[in-house]
Amino acid sequence: MDEPLVIGFETSCDETGIGIVRGATLLADAVASSVEEHARFGGVVPEVASRAHLEAMVATIRRALSTAGVSAADLDAVAVTAGPGLAGALMVGVAAAKAYALALGKPLFGVNHLSSHVAVDLLENGPLDEPAVALLVSGGHSSVLFVPRVGGQEIVELGATVDDAAGEAYDKIARLLGLPFPGGPHIDRLAVEGDPAAITFPRSMTGKADPPYAFSFSGLKTAVARWVERRERAGEPVPRADVAASFQEAVVDVLTAKAVAAAREMGVGHLLIGGGVAANSRLRALAAERCAAAGLRLRVPRPGLCTDNGAMVAALGAQLVIAGAAPSTLAIPADPGMRVTEVLV
Ligand code: KG4
Ligand code: ZN
């Protein structure tokens, strides 16, 4: 087959993403976000997200097809996020993708949202024909993965967070500092004005006896909250930019140190970073510095492809088609708790 033309549906959280790729070439990346509808609640409201997906779906598909300059009949396969994510939100995307696959008579691939965050790298940085270590950092997950083949089905989880995900920690600290939801980008911007060495917050899970590739961010969150409370109780102003920068430094210090250590331990030449938090400017800068020092090639997509989108789902779908993977059946369910090592349903 020539390079397969694949459409990807993403609805696991608050972004309705429809992407179209030909092999590893990005043709369209249409995203409709309901984030503003959730902002006043301080977090994503599942029912609101599901309804917004439903309302945005058809227009977003049309926009993607038109941007790509293809018609639905040209598609070779339909890929969709089957999980993990919000049950109702996932169901909207899975139902829409099934309808397309059925109507077009094309194979359906129900894929893992987290593997898609890794596979999207191919669209930006080209093929990678050797094993890599991937740091996956999103709003719901934080893991270090051994990836024999990007877009392949064999993934080993070397370590993960034992409590909050990195993105969750950003969002909670943002809330504490009175910043809007989702807080990651706001902390990123505020931190630029602050001193990352102003306050020494704990680097969790970095003791000799701790698992080498596991993370914990809930202790850090508490430490930041206590620090801010002490200031407020003493009637002193809270240096928000310094708090943001120091908190961020504690997160990205541990993330990059562990990811680089894993890549060295596994003897791979490449470190990939994916997921919404991979859009973070300080994470990208520190990872670049530490990879260079360790002789590792860093691969991280542009920020717009790090946060949720449909192109990443299409990218993974295309790799599965190329690898000759057996498609999913039309009976697959949405799987809110899909495990990170399960790439295709
Ligand atoms: O991958 P993603 O878009 O959705 C999930 O699969 O969860 O990740 C969303 C998370 C949110 O917690 C958001 O605050 C965080 O990614 N995020 C960032 C940045 N942009 C998004 N965190 C830090 N810095 C950023 N620039
Ligand atoms: Zn995501």
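## Around ligand 1 and beyond

Asp171 has a polar side-chain atom 2.6 Å from an oxygen atom of ligand 1; this is a polar contact, meaning a pair of N or O atoms within 3.5 Å. This is a predicted model, where local features need pLDDT of at least 70, side-chain atom pairs count only at pLDDT 80 or more, and totals for chains, interfaces and linings use all residues. Residues are numbered from 1 along each chain as its sequence is written, chains are lettered from A and ligands numbered from 1 in the order in which they are written, and side-chain values use heavy atoms, without hydrogens and water.

| Residue | Atom of the residue | Atom of ligand 1 | Distance |
|---|---|---|---|
| Asp171 | polar side-chain atom | oxygen | 2.6 Å |
| Gly184 | backbone N or O atom | oxygen | 3.0 Å |
| Asn280 | polar side-chain atom | nitrogen | 3.0 Å |

On its own, ligand 1 has 550 Å² of accessible area, and the protein covers 88% of that (Shrake-Rupley method, 1.4 Å probe). There are 19 residues around ligand 1, and those that come nearest are His113, His117, Gly139, Asp171 and Asp188; a residue counts as near if one of its heavy atoms lies within 4 Å. At least two residues of this shell come from each of α4 (113-119), α6 and α7. Helices here are DSSP runs of H or I with at least four residues, numbered from the N terminus.

Let us look at α7 itself. Helix α7 spans residues 184-191, and its buried residues are Gly184, Ile187, Asp188, Leu190 and Ala191. Buried means under 20% relative accessible area, exposed over 50%, and partly exposed in between, with a 1.4 Å probe and protein chains only. The cover over these buried residues includes α6 (166-176), α9 (240-266) and α10 (281-294).

Now for two other residues. Asp121 belongs to helix α5, residues 121-125. Asp121 counts as buried because its relative accessibility is 1%. Setting aside residues up to four places away in sequence, Asp121 touches Gly126, Leu272, Arg299, Val300 and Pro301, where contact means heavy atoms within 4.5 Å.

Val345 is found in the segment after α12 (311-322). Its relative accessibility is 33%, so Val345 counts as partly exposed. Beyond its neighbours within four places in sequence, Val345 is in contact with Ala82, Gly110, Ser328, Ile332 and Met338. With Ile332, the separation is 13 residues in sequence and 7.1 Å in space, C-alpha to C-alpha.

How values were computed
A polar contact is a pair of N or O atoms within 3.5 Å; within protein, one must be able to donate a hydrogen and the other to accept it, and residues adjacent in sequence count only if both atoms are side-chain atoms.
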